[in-house]
Amino acid sequence: MKRVLGKIQEVFSKKNEPEVIVLMDIDGVLSFEGSPTDEAFIVISHGWGRWRIRYEVLDWLKNLASDKQVEIMWLSTWGSDSNIINQYLAIPDFKAIGKSEGMAVKTKIKQVLNVVQELEDKTVIVVDDALGVKSSDMSMSENTALVKLWDRLTSACHENKGTTQFVVPDVWTGIVKEEMKFVDDVIESVKFEKE
């Protein structure tokens, strides 16, 4: 009887866990680097920097954060300082998964790998402009190390029956409507599969 009750509790506890983990960068994703084409953005400042973020992106992030099937984690060199955005939006803080050290791309892939290795049967969406780096931009040793990391990430996804999707916004525009819709569509498809 205890065994049956334990299985029932396990099933119900898993229902309350988020099905999708979104790893979100800030610079070049939420905050765009290019010249603004309109006034539909705000500058969020703090002691260390300034982020220009479009209102539609902030609305999308706030909506995403309210979805109980989604957990958002900061994948940013800003670390837990990223939660200044959460304070602006009046939403709970997100977990920050480390600060960048050394080559940003390699470090971020390691951080994604660490998250994926801890999950089973989950979808991870990585939204980061740095992960679109071209192999021609790296030295041969960096390229070889990245290939090995990608292989480890692919293996971890396969072993844990997980899926990892990447969204790589243009640093000059940040995330755009089509990319936000892609993230939303992936989340909806995961919810549909789990029903």
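Biologist: What covers the buried residues of helix 6?

Modeller: The cover includes strand 1 (20-24), helix 2, strand 4, strand 6 (123-127) and strand 7 (163-167). Contact means heavy atoms within 4.5 Å, and buried means under 20% relative accessible area, exposed over 50% (1.4 Å probe, protein chains only). Helices (H or I, at least four residues) and strands (E, at least two) are DSSP runs, numbered from the N terminus.

Biologist: What sort of model is this?

Modeller: It is a predicted model, where local features need pLDDT of at least 70 and side-chain atom pairs count only at pLDDT 80 or more, while totals for chains, interfaces and linings use all residues. Residues are numbered from 1 along each chain as its sequence is written, and side-chain values use heavy atoms, leaving out hydrogens and water.

Biologist: Which residues of helix 6 are buried?

Modeller: Glu179, Met180, Val183, Val186, Ile187 and Val190. Seen down the axis of helix 6, these fall within an arc of 120° (taken from the directions from the axis to the C-beta atoms), so they line one face.

Biologist: And what is exposed on the face turned away?

Modeller: Lys177, Glu178 and Phe192.

Biologist: Switching to the second largest pocket, which residues lie nearest its centre?

Modeller: Ala65, Val70, Glu71, Pro92 and Phe94, out of 14 lining residues. On a 1 Å grid over the protein atoms alone, a pocket is an open set of points where a 1.4 Å probe fits, with protein on both sides within 12 Å along at least five of seven lines; lining residues have an atom within 4 Å of a point.

Biologist: Which element gives the most to that lining?

Modeller: Strand 4, with three residues.
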